[in-house]
Amino acid sequence: MEVLQINTIATEPYQGQKPGTSGLRKTVKEFQKPNYTENFVQSIISTVAASAKLDGALLIVGGDGRYYCQDAVRIIAKICAAHKVGKLIIGQNGIFSTPAVSNLIRKTKALGGIILTASHNPGGPNADFGIKYNISNGGPAPDGFTNKIYEYTKTIRAYNMVNNLNVELERLGTQKFLVEGLPFEVEIIDSVADYAALMRELFDFNKIRELLQGTGPHPAPFQVFFDSLHGVTGPYVRRIFCMELSAPESSASNAEPLPDFGGEHPDPNLTYAHKLVEKMKEGIYDFGAAFDGDGDRNMILGKNGFFVTPSDSLAVLAANAHFIPYFQKNGLKGFARSMPTAGAIDRVSESMAKEFFEVPTGWKYFGNLMDAGRLSLCGEESFGTGSDHIREKDGVWTAIAWLSILANKPGESVESIVVDHWTKFGRNFFTRYDYENCEDAGAKAMMDHLNALVKDPALTGKSYADGDKTFTVAKADNFSYKDPVDGSVSENQGIRVVFKDGSRIVFRISGTGSTGSTIRLYGDCYEPDQVKQKMDAGFILKPLINVALAMSKLTHFTGRDAPTVIT
Ligand code: G16
């Protein structure tokens, strides 16, 4: 066997390689700059090596198949080979969904994993790319870890790689190499098999099959439709829903992963997954789900396009968790949501007397609670739901969880389940306005203004009116979170203003955009009245949003008079 040599390559640091909410996300053009990707990967590896034994270690590598994924996988393999890593497990053609990587890290007891994705951001040579590191629990690296990566990127002067390492990404099986006398192995595996096996363990597939086929207690076949938005989930949908759960092939749409996602945003919300919304409005299908580029986000729709907000989806899953075999077996520990997520889950948690947590935006904040055995089910308004079966949110899992509940309620629909839920617990109306790609300076000035506002004690008790609605401030702050497990504190996690009637507005700058600043404005309120519960969320929340816009002077600071996306 040819003995490969390690090459040391001189480099210069790049500014701004600071991981955001979930890894480093930049344009492909940025990642293609000389040494840009290499610098960041070397910084990850240096950070890992500083806290764990890299010699002989196993790492999992794969991404959502977007443009530049395979180039990045090859760079990672070359750098890992030069740092005595023992073995890489890579998805065939460099492809793994994010939940699949999380599962594999846990299943194989790997030291960690490197995921290539910019999630729901568009792909292609003129769009976005991203790299993130997941630690040995299968979850995204915490702030302390990513801060260290950033420190390395600021001072890097050289990186090591094995230039002549050629991995065949399409060939399943093990490829062995010798690097300066040490063995290095790459195993290329089927991207779906292990994840599908996990889903079979967590759920009762026979019961779901009966639902879809209209056998057993079910009056008729339950018609399902999945939109993978040309992201990574296509092969997962085909294998799990079509082959194993007997959904027709035609129910898997946009199921070919494409490097540019067909030129669209692979983002499962009412704006970017509008084709699914239109399909569902035809009234043929009983259940629809869309997934994002890397398969961790989901949107759930019922017949005629009935939209389940992510906040409601989480609450319904929690209230019906006893129908899911995994929770029957392992019990239900606590519940959690991110701070901007509406509080529908809070009341379910209270009714079940469970421990409850409100964490900053970012799935990484759930991991410690899960590892400590205090959290079973959690979610975020950004179309993420998941459980402690892995340490990432999980789109396909969420769709199967919904079907498990429906399989246990013969004759019911998505809408009837949600409306019953509101009748029992009340309804949380929720909306989010995104102002994408604002000038950094304007966005910062607006946040500074809001920070000053919420620090001023005079704000409490102050009233703001819009039309005939008046909102009086009960409490306002910049959210800060102390992790109850390790005591670490995360500050500046979003401005929130809570009004006396319980309604709430939140402002944050997104940590996942690749250029400029994306301002997120969240609004929610609670409605116990069953007649009002049937009203349109946009209409109900408009006065609250108008107050938020007036308080923040958003238009003044950013020049924007309308959001780019409303969810
Ligand atoms: C990531 C995080 C989520 C977070 C979302 C939005 O999701 O994993 O926890 O809610 O970003 O973050 P931001 O509001 O900062 O843009 P994903 O699906 O993009 O990896």
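## Domains, an interface and selected residues

The structure is a predicted model, and the values below are computed from it. The domain assignment divides the chain into domain 1 (3–191), domain 2 (194–425) and domain 3 (427–566).

**Domain 2 and domain 3.** The C-alpha centres of domain 2 and domain 3 are 27 Å apart. To the contact, domain 2 contributes 29 residues and domain 3 contributes 26 residues. About 2,400 Å² of area is buried between domain 2 and domain 3, and carbon and sulfur atoms give 55% of this area. Polar interactions are also present: 11 residue pairs, both at pLDDT 80 or more, are in polar contact between domain 2 and domain 3. On the side of domain 2 that touches domain 3, at least two residues each come from α10 (310–319), α12 (344–351), β17 (356–359), α13 (364–371) and α15 (414–425). With 4 residues, α15 gives the most to that side of domain 2.

The interface of domain 2 and domain 3 has 3 salt bridges. A salt bridge joins Arg432 and Glu381, with 2.9 Å between the closest N and O atoms.

**Thr341.** Thr341 is found in the loop between β16 (334–338) and α12. Leaving aside residues up to four places away in sequence, Thr341 touches Ser311, Gly379, Glu380, Glu381 and Arg504.

**Asn134.** Strand β7 (residues 128–134) contains Asn134. Although Asn134 and Leu59 are 75 residues apart in sequence, their C-alpha atoms are 9.7 Å apart in space. Residues up to four places away in sequence again being left out, the residues that Asn134 touches include Ile105, Gly112, Gly113, Ile115 and Glu392. A polar atom of the Asn134 side chain lies 3.0 Å from the backbone oxygen of Gly138.

| Residue | Relative accessible area | State |
|---|---|---|
| Asn134 | 0% | buried |
| Thr341 | 1% | buried |
| Cys378 | 0% | buried |
| Cys438 | 2% | buried |

Why is Cys438 called buried? The relative accessible area of Cys438 is 2%, and the term buried applies because values under 20% count as such. Cys378, with a relative accessible area of 0%, is likewise buried. The structure holds 0 disulfides.

Methods. Residues numbered from 1 in each chain as written. Predicted model: local features only at pLDDT ≥ 70, side-chain atom pairs only at ≥ 80, totals over all residues. Heavy atoms only, no water. Disulfide = S-S within 2.5 Å. Buried < 20%, exposed > 50% of the residue type's maximum accessible area, 1.4 Å probe, protein only. Domains from an automatic or database assignment. Contact = heavy atoms within 4.5 Å. Buried area = accessible area lost by both parts, 1.4 Å probe. Salt bridge = Lys/Arg side-chain N within 4 Å of Asp/Glu carboxyl O. Polar contact = N/O pair within 3.5 Å; in protein donor to acceptor, adjacent residues only side chain to side chain.
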